[in-house]
Amino acid sequence: MHLTKSITAIGIGAAMIATAGFAASHSEKAASDAVNARHAQMQLIAYHTGILGGMAKGETEYNADMATAAATNLHAAAGFTPDTLWLEGTEQGAVEGSRAKAEIWSDSEGFSDAFMALETASADMIEAAGTDLDALKAGMGAVGKACGACHDDYRGPKN
Amino acid sequence: MRRVIPVLLGCATLGAALGWVITRPDPLEQSYGAGLTPDPEAGALVFAAGGCVSCHAAPESEGEEMLVLAGGLPFPSDFGTFHAPNISPDPTHGIGDWTLPEFARAVTRGVSPEGQHYYPAFPYTAYQHLAPQDVVNLFAYMQTLPIADVPSLPHEVGFPFNIRRGLGAWKVMFFNEDFVLANASDVEVERGRYLVEGLAHCGECHTPRNALGGLEQDAWLTGAPNPSGKGRIPGITPAHLEWSKADLVEYFTSGFTPEYDSAGGEMAEVVSNLAQLPESDREAIAAYLKALPGG
């Protein structure tokens, strides 16, 4: 009787440990996937900003169609719904490679306002990029400001 | 021995007297700015380039509130913690009852209206290069700013650094009146030198300091440990930074690095100041940086 009980207890215990282990590894993967996807989002933003910036600096020739396309994609990337990307528990220190500050979740309203500033600036940029080079140059300031303001408050130091 | 003692005493007295003289704060220049017409609008640009709000705005303030120069921001250092004072036009707590010569001496010589040396946390070793017209314009602009009715916080500095007279000796050693880049090759580099070495005081963070807090001019703009203790402030000479002139100008305008990452921390505030200047000034800063040795 005692022995059966003990074996059952060990069995249940082992099963619990195994389940917990699976759950942990599952959420670990989900967390690191989310961080990678965020980095991909940032890369898309940087890539399209780079096309606009290259024209602003005079490194590449101004082309209204290309500039409009870059601004349109920048705006799309800035508008990704945050729910799938900014999973709780994926802050810097918890997941390798993450530089997300805990404030993203503790001050989610502020974070969403900060992201909204990029959505607004990039929407204005679609208009500006198609107008002329001077308008594009002027628009870069607002985009840069939105990136910088959010990074300042919600991005941690380099790992 | 009887003969030696009076000689020694004499030497000591002479030394003390000499020390007293050389550590004496600069006198007021009563006629400062005479004949110059103040232009507060131009002063707003001097104010932006000088980065006054970055230190003197109340901590955590944003947007328009940043023009309320209540002070309070702490600056931890090896010598203690300094607090940026109230420099709003409040007559009691700020600079509202200062005269132009008093203001000019404070900003360009680091001496208070009461005749005391300021700690060099206030970058007067850079501001010494300010043109009188810029000082006059800045003074006029700052009088248009809102009043902050709050007292300045005292500095938390221990002995011997709390003896202000000692700063006179510091000034003798480290208040170098020459520009670091001795020869400016053209007008643009010269303007850039005025901005970088003077008004925008870039060296205060980007140049390493010696044990007494003096800037190591041999290592001008080659980067320095961050006084916060975390990380390093990067070197910005051509040997440290391979950005093109256009890259630099874009960075000063929008804060974007050549990789389209954004400026962070204190530099984000610097960028928001520089972005207010005419593009020619941002180009001049870039031209100066490219003209530094190592290019």
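In the predicted model, zero disulfides are present over all chains. Cys55(B) takes part in no disulfide, the nearest cysteine sulfur being that of Cys205(B), 8.0 Å away. With a relative accessibility of 27%, Cys55(B) is classed as partly exposed. Cys202(B) is likewise in no disulfide; for Cys202(B), the nearest cysteine sulfur is again that of Cys205(B), at 9.1 Å. The relative accessibility of Cys202(B) is 19%, and this residue therefore counts as buried, the class being defined by values under 20%.

Helix packing in chain B was examined for α10(B) and α11(B). Helix α10(B) spans residues 245–254 and helix α11(B) spans residues 265–274. Their axes come within 6 Å and cross at roughly 95°, so that α10(B) and α11(B) are roughly perpendicular to each other. On the side of α10(B), the contact is formed by Tyr251(B), Phe252(B), Thr253(B) and Ser254(B). The residues contributed by α11(B) are Met267(B), Val271(B) and Leu274(B). Classified by residue type, the contact of α10(B) with α11(B) comprises five nonpolar and two polar residues, with no charged residues.

Within α11(B), the buried residues include Val271(B) and Leu274(B), both of which also belong to the contact with α10(B). Ala268(B) and Asn273(B) of α11(B) are buried as well. The elements covering the buried residues of α11(B) include α5 (133–154) of chain A. From chain B, the cover includes α2 (40–49), α3 (52–56), α10 and α12 (279–291).

A strand pairing was also identified in chain B. Strand β1(B), residues 74–77, and strand β2(B), residues 80–83, pair in the antiparallel sense over four bridges. Pro76(B) has Thr81(B) in β2(B) as its bridge partner. The two strands, β1(B) and β2(B), form a hairpin in which two residues lie between them.

Gln116(B) lies in the loop that separates α4 (100–109) from α5 (124–127) of chain B. At 41% relative accessibility, Gln116(B) is assigned to the partly exposed class. When residues up to four places away in sequence are not counted, Gln116(B) touches Gly110(B), Val111(B) and Arg164(B). A separation of 30 Å is found between the C-alpha atoms of Gln116(B) and Leu181(B), which are 65 residues apart along the chain.

Note on methods:
Residues numbered from 1 in each chain as written. Chains lettered and ligands numbered in written order. Predicted model: local features only at pLDDT ≥ 70, side-chain atom pairs only at ≥ 80, totals over all residues. Heavy atoms only, no water. Disulfide = S-S within 2.5 Å. Buried < 20%, exposed > 50% of the residue type's maximum accessible area, 1.4 Å probe, protein only. Axes fitted to C-alpha atoms, helices over the stretch in contact; angles between N-to-C directions. Parallel < 35°, antiparallel > 145°, perpendicular 65-115°, else oblique. Contact = heavy atoms within 4.5 Å. Nonpolar A, V, L, I, M, F, W, Y, C, P; charged D, E, K, R; others polar. Pairing = 2+ DSSP bridges.
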